[in-house]
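Me: Please go through this structure with me, one question at a time.

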Amino acid sequence: MKALVIAEHDNKTLNPATRSLVTAALQLADTVDVLVMGADCNPVAQSAAKTNGVAKVLLADNPACKHQLAEALTPAVLQVATGYSAILAASSTTGKNLLPRVAALLDVAQLSEVVRIEDKDTFTRPIYAGNALARVRSADPVKVITIRASSFEEAAVDGNAVIEPIAVSAVQQMSRFVSENLNNSARPQLEAAKTVVSGGRGLGSAENFALVENLADRLGAAIGASRAAVDAGYVGNELQVGQTGKIVAPDLYIAVGISGAIQHLAGMKESRIIVAINKDPEAPIFQVADYGLVGDLFEILPELEKLLA
Amino acid sequence: MKILVPIKRTLDAYIKVRVHIDNSGVDLSNAKMAMNPFCEIALEEAVRLKEKGVASEVIAVSIGGDKVGDQLRTALALGADRSIHIKADDDLESLNIAKLLKSVVEREAPGLVILGKQAIDSDNNQVGQMLAALCGYPQATFASRVEMKDNLVEVTREVDSGEQVLELTLPAIITADLRLNEPRYAKLPDIMKAKKKPVDTLTPDELGVTLRSHLTIESVSEPAPRKPGIRVHSASELVEKLRNEAKVLP
């Protein structure tokens, strides 16, 4: 049995989610190869090759793959897919965009956001925003799966796989990249961070969000936000934690001024330790918090900052 | 240009999810059902494109038992011109849905298909991408802005790292994210008018699609509850607990 992991990256750096995918793939197959598709992305392949448990890194370095457009990547995946009994990608916006397209052309089902592999045919995945877990058996000869990276440990980084360049035909005229507006923060990436500080509507304004940023910087943490805070324009959508945003599971999640709508809880309730700071003692966030502190965040946050200095 | 908007009937987003005690599934008996919120956003975008004069006709399509007729009526009240009801089981797999929709696309030849990015029950996030693959069309998932430009559509997508803008040739598939628009409410006169708008029915056979099962749901369970936490009374007590009890701070 062989599994193919599709590397998550930005042409420069391998996203650590890829190492979690390798861990998941090793539960399905003895041999795990990684496919890196991108442009001038050799450093990514080098990094992928160091992942423990990887047999081979296939490197499809092609300008047409630069922006990870599904129309360009799909034929490349199909070109190498033969012989693999499982194809895995992260349940990132890139993975979710790509894999259903691949699955449809292989005429198989796709399993989304798998959090546990029960056996080579059976998978557990959240449904209804994580309010229920479905155990699903697939009858397909090839499993096409997006994996929730935070549910699997990252594979160690002491491997030495071979890198095999491959030529792929990725040129297409259907879709064209125009521009992007990226969040170039120096803080850790939200999904990979060990500590996350998230702010909600309780902050009251975009300016006040600086309180969250200051605490996050004190802790070396990533910043997150509730949907209400994003909708109110306090921060960009890429920081939204929740069912329709990012799913995170850090060691420490600090929710500040977040009431705890089901939508938000779906994105963070797998965190190891949850801290809630809110002035409303009845806020639902306290039901999932390991440590709840009722009070005025405008007093508590500066105090925390001082205590952590 | 026609716009096709596939619609799913799901549990109302504000209803608490109850899992059957025998773990056979989620209890939907007597539960309030509604149009999937992301489908509402997709429909709103299509209706706005028609109001701008870009689209000539908005066609809503839904797949399922008799009850999906309720959501098609809602779609008609919200501005769809006509609707198609494909009679089938309520819980078809994404690939089967995509195959049925492809057949509708071949009949109707829409310039755009706008779908919700995912249904809030199965949370799959697959149908739009699968439909694009089967039709050989370009796709723009997680759309937060849609703008028509001659024979192209420019779409802003919400991606993990921020925003990405793509240009697609037509016909194209777009899936709607939360911030694409805020859907309107149906007005009473429109609800009355909707009763006179056409609803065609079709079957998978008539569409030439053979449904095939790939997946079996073995069980549905509730996630393990978190163990109850404690209240702390000051910032200093919190820091002390995080350092010495939880050991998540140095």
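**Helix burial, sheet and helix contact**

Reply: Helix 1 (residues 17-26) of chain A is mostly covered, with nine of its 10 residues buried. Buried means under 20% relative accessible area, exposed over 50%, partly exposed in between (1.4 Å probe, protein chains only). Helices (H or I, at least four residues) and strands (E, at least two) are DSSP runs numbered from the N terminus. This is a predicted model, where local features need pLDDT of at least 70, side-chain atom pairs count only at pLDDT 80 or more, and totals for chains, interfaces and linings use all residues. Residues are numbered from 1 along each chain as written, chains are lettered from A and ligands numbered from 1 in written order, and side-chain values use heavy atoms, without hydrogens and water.

Me: Which strands stand at the edges of the open sheet of 10 strands?
Reply: The pairing in this sheet is mixed; two strands pair if DSSP finds at least two bridges between them. An edge strand has a single partner, so one side is left without a neighbour in the sheet. These are strand 11 (175-182) of chain A and strand 11 (199-202) of chain B.

Me: Which residue stands opposite B:Val113 in strand 10 of chain B?
Reply: Strand 6 (residues 112-116) and strand 10 (residues 172-176) of chain B run parallel, joined by five bridges. Opposite B:Val113 stands B:Ile173.

Me: What is the handedness of the crossing of helix 8 of chain A and helix 6 of chain B?
Reply: A crossing is left-handed if the near helix is turned anticlockwise from the far one by less than a right angle, and right-handed if clockwise. The crossing of helix 8 of chain A and helix 6 of chain B is right-handed.
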